[in-house]
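Hi,

Here is the structure I promised to pass on.

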Amino acid sequence: MPGLMSRASTVVKAKLSKLLDRAENPNETLDYSYEQQLEQLQNVKRGVADVVTAKKRLQLQTDQLEQSVVKLETQARQALGAGREDLARQALERKSAVQQELQGLDQQIQGLEQQQEKLVAGEKQLQAKIEAFRTQKEVIKAQYSAAEAQVRIGEAATGIGEQMADTGLAIQRAKDKTAQMQARAAAVDELVESGALEDFTSTGDQLDRELAALASQTQVDDELSKMKAELGTGSSEPPKEIQSSTEEKQGTST
Amino acid sequence: MIVRIMGDGQYRVDDAAAAEISELDDQAAAALEAGDEQAVRDLLRRLAESVRSRGTRLDDSDLSPSDGIVPPEDLTLEEAREFFSGEGLIPDLPA
């Protein structure tokens, strides 16, 4: 059984022979191959741009989630301060879920970072090889007979074909990775939109309303005491006409 | 001989290094045959390291074809099978 290296080489050469078989004469082979190289160079550049876009989206989500963590923590404190441990607990549970999501995002961003580095390295190599091929192509066209040219074209094209297969694989894997990340980013967006990871203030769920009510209650109380202080009424004294329940009488007597 | 490490570049290795590399290569092939993903990865990584440390890197503008190609070391078993079947994983060159 042949080793993996020669098998890989056979696979790559088979891909290349399709390209070389297409052209009718040496000059056409050279020009066509060169066009394909330039096209692939564009593909690598697009691949890099796609990875960068996917990375930016995840980084944006990271920022949003980090803000959520801060808000949830603040809200937990407020709830606890108001004696609502149940609400504080819910806020902290959400905070913990958001933090887990953040860890996952960090890893994904690193993964994309690696893909980007590989693509950029591949782009640089391809560029150098294309430049060398372009020079060689003109030499072959100018100096060799058709038969000799065929041999030299074969060599040069094999060398660059390998690079194209290599870069092609890098593009393919980066695309797969980017697609995975986009799916993940969409899932995170959905979680945020559904309120599962969002801070309470921007969602309309039960917890949100309770916390909002709590906050507004505290504010109303504050304002009331401030007004009373301004009017000089001191402690609260219920209006006489509705003074009927025993509770209220007890309240005023203490 | 000239060896390409995919995702890295090409290296020229002498005969002594080539023998060592070839042995690792055979082991990697056996691991793939046995469906041992971890062993395939380990061996591909050692293969690539061996080529890097014992070989001399070719200039990026060198157009020499390689005698052997080391696939990416982080291939999954599924990707490796796809790779060696010549289907899909390496996109067809436009023809």
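**The sheet in chain B**

Chain B has an open sheet of four strands, ordered 3-2-1-4, with mixed pairing. Strand 3 and strand 4 of chain B are the edge strands, each pairing on one side only. Bear in mind as you go through it that this is a predicted model.

Going through the pairs: strand 1 and strand 2 of chain B run antiparallel and are joined by four bridges. Within that pair, B:I2 has B:R12 of strand 2 as its bridge partner. These two strands make a hairpin with three residues between them, and there B:G7 takes a positive phi near 80°.

The parallel pairing is the one between strand 1 and strand 4 of chain B, which are joined by three bridges. Look for B:I5 in that pair: B:V70 of strand 4 stands opposite B:I5.

**Where chain B meets chain A**

How many residues of each chain are in contact across the interface? On chain B there are 48, and they touch 42 residues of chain A. Between them the two chains bury about 3700 Å², with 62% of that on carbon and sulfur atoms.

On the polar side, 15 residue pairs are in polar contact between chain B and chain A, counting pairs with both residues at pLDDT 80 or more. The interface also has six salt bridges by the rule used. A salt bridge to look up is B:D74 with A:R173, whose side chains meet at 2.7 Å, N to O.

Which elements of chain B supply at least two residues each to the side that touches chain A? They are strand 1 (2-5), strand 2 (9-12), helix 1 (15-34), helix 2 (37-54), strand 4 (68-70) and helix 3 (77-85). Helix 1 of chain B gives the largest share, eight residues. By residue class, the side of chain B that touches chain A divides into 26 nonpolar, nine polar and 13 charged.

Cheers

Key:
Residues numbered from 1 in each chain as written. Chains lettered and ligands numbered in written order. Predicted model: local features only at pLDDT ≥ 70, side-chain atom pairs only at ≥ 80, totals over all residues. Heavy atoms only, no water. Contact = heavy atoms within 4.5 Å. Buried area = accessible area lost by both parts, 1.4 Å probe. Salt bridge = Lys/Arg side-chain N within 4 Å of Asp/Glu carboxyl O. Polar contact = N/O pair within 3.5 Å; in protein donor to acceptor, adjacent residues only side chain to side chain. Nonpolar A, V, L, I, M, F, W, Y, C, P; charged D, E, K, R; others polar. Pairing = 2+ DSSP bridges.
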